[in-house]
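Work through the exercises below with the model open. Try each task before reading its solution.

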Amino acid sequence: MTQIVVWLVRDSVRLEDNPALETAIELALAADARLCALALLEPRRWTAHQWGMPRTGLAWQRFRLEGLYELRMALASHGIPLTCLAMDVGAALTAVQEHGVIQAVVTDLPVSVEESAEHAEITKLGHPVVTVATDDLFTPAQLPFDRADVPATFTRFRKAIETSPSCQPHYPGQRPSKWPQGIMGEHAVLDQQLVALHASAESVSFACHGGSKAGQAWWSDYLEAGALSHYKDTRNAFEGRHQSSCLSPWLAHGNLSVRQIWHDTLAYESTHGANESTYWLRFELLWREFFRWYARSAGHALFSRAGPADRMIAWGDGSMRWDDWMAGTTGEPIIDACQRELNATGWLSNRGRQLVASACLAHCAVDWRQGAAYLESRLVDFDVASNWGNWAYIAGVGPDPRGGRLFNLSAQADRYDPEGIYRARWLDR
Ligand SMILES: Cc1cc2nc3c(=O)[nH]c(=O)nc-3n(C[C@H](O)[C@H](O)[C@H](O)COP(=O)(O)OP(=O)(O)OC[C@H]3O[C@@H](n4cnc5c(N)ncnc54)[C@H](O)[C@@H]3O)c2cc1C
């Protein structure tokens, strides 16, 4: 009987520096098993709704499909077919089982409750699950604290990491050199969805494409332009090619390895010199890391009204209509500009995200989770830990020691868009 090791592709859509894939290959080679590379367009996120809004937006979907398409081609060059199915994990593994006996399912360490529920389902089906920290800077063993006892604030988390000598991201691995034989291979749904999305009149116009090649080219250009040396001064800009790094879409979809980005900044420092800006990108990557471990420890509480902090807060004075907030027709120029950019492209700067969240929380008479769900349905770089963690933080139900942040919108707009160029660009549309 054919033995199969399944590599369940989650949010690490790449071959380079992919510890889950490496583990799956090792297991398959050791057991003389075939490798089934399995990517799912799970109905729970591809077609489901929450708060009346789709779980995934067109920008996110296009980016993910482009990344999967590139992965399919890259795997094929190593003789491994990609199996891409529009079904939940239980049904997909049942389909795999028709081809042999599943020895193990190898995948990324779960970040949130849905992936953990999937693991329970796989185990219930009788398949061993092997989880590997793949899109994190650190493995659980490297953390200077217990996983169930993640520091309650970012500053405490960062200090614990930065003062722990063993807490260094592993040097990124290369593409595996030895491959087992592959099995299955079914990707009609990937091709169909990709064609449909590219043809869709509703398609959003996010300028970049998914996949490791595009991500790598974008990042190389950022480094070659020397932009890292002024990152801290420019990262708060609303727009601009070499301001913040714009790496989040490739990081969220796992097209680039966060460990690689970390080590690239260190290599950049050794040739261009270190300064506060070159450090600051790693500082921001630690924010990403913090929210991942925070989401893991918060579990379901991250999605509850009172949040992980268990605080019941009354949000919104009702002075802004929810529909206007979504559409960018509130009459508040900076909010309208930001929402129009988000709706048209799937992208929004960090400053813009903070301001739209703040406006929603202060002025729309809605539950904070409705705002988080809206960004989930729009962002090209949506990732569960960063989106829900940041929303909980700003809403005051998460890890903010100050109990939430509300911004003065016009002061912020004047500070970060002093000549009104960004507002004019989007308000004119
Ligand atoms: C309400 C709200 C929702 C958000 N939703 C998401 C989301 O769904 N996906 C997402 O990737 N980011 C999210 N962020 C975080 C942040 O806005 C984006 O990561 C950042 O704007 C992406 O732009 P960049 O790549 O140019 O960032 P840079 O400033 O260049 O930072 C480099 C990288 O560090 C990480 N990073 C930076 N800031 C944060 C942060 N506050 N939280 C977590 N990671 C961070 C990202 O991976 C980013 O790509 C959200 C922030 C807010 C306030």
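A residue is buried if 20 or more other C-beta atoms lie within 10 Å of its own, exposed if 12 or fewer, and partly exposed in between, with C-beta atoms placed from the backbone. Helices (H or I, at least four residues) and strands (E, at least two) are DSSP runs, numbered from the N terminus. This is a predicted model, in which local features need pLDDT of at least 70, side-chain atom pairs count only at pLDDT 80 or more, and totals for chains, interfaces and linings use all residues. Residues are numbered from 1 along each chain as its sequence is written.

**Exercise 1. The faces of a helix**

Task: find the buried residues of α4 and say how they are arranged around the axis.

Solution: 
- Start with the list. In α4 (residues 89-97), Val89, Ala92, Leu93 and Val96 are buried.
- Look down the axis. These buried residues fall within an arc of 95 degrees, so they line one face of α4. The arc is that of the directions from the helix axis to the C-beta atoms.
- Recall the geometry. An α-helix has 3.6 residues a turn, so residues three or four places apart point the same way.
- Turn to the other face. Gly90 and Thr94 are exposed there, on the face of α4 turned away from its buried side.
- Find the packing partners. The buried residues of α4 pack against β1 (3-9), β2 (34-40), β5 (82-85), β6 (101-108) and α5 (113-124).

**Exercise 2. A residue in β2**

Task: Two residues are in contact if their C-beta atoms, placed from the backbone, lie within 7 Å.

Solution: 
- Leu35 sits in strand β2.
- Leu35 has 27 other C-beta atoms within 10 Å and is buried.
- Ala424 is 389 residues from Leu35 along the chain, and their C-alpha atoms are separated by 53 Å.

**Exercise 3. Nonpolar cores**

Task: which residues of the largest nonpolar core touch the most other members? A nonpolar core is a set of buried Ala, Val, Leu, Ile, Met, Phe, Trp, Tyr and Cys residues joined through C-beta atoms within 7 Å.

Solution: 
- The largest core has 73 residues, and Ala295, Cys338, Trp388, Trp391 and Ala395 touch the most other members.
- Assign it to domains, whose bounds come from an automatic or database domain assignment. At least three residues of this core come from each of domain 1 (3-135 + 183-192) and domain 2 (304-427).
- A second, separate core has 43 residues, including Leu21, Leu71, Val106 and Met184.
- Inspect Ala295. Beyond four places in sequence, Ala295 contacts Val111, Ser112, Leu302, Val384, Ala385, Trp388 and Gly389.
- Inspect Trp391. This residue lies in helix α17. Trp391 counts as buried, with 25 C-beta neighbours inside 10 Å. Not counting residues up to four places away, Trp391 touches Ala357, Trp368, Gly371 and Ala372.

**Exercise 4. The ligand shell**

Task: which element gives the largest share of the shell around the ligand?

Solution: 
- The ligand is surrounded by 28 residues, and the closest are Ser244, Ser245, Asn350, Asn387 and Asn390.
- Two or more shell residues come from each of α10 (248-252), α12 (276-298), α15 (350-363) and α17 (384-395).
- The largest share, 6 residues, is from α12.
- Sort the shell by type: 13 nonpolar, 9 polar and 6 charged. Here Ala, Val, Leu, Ile, Met, Phe, Trp, Tyr, Cys and Pro count as nonpolar, Asp, Glu, Lys and Arg as charged, and the others, Gly among them, as polar.

Notes:
Near = placed C-beta within 6 Å.
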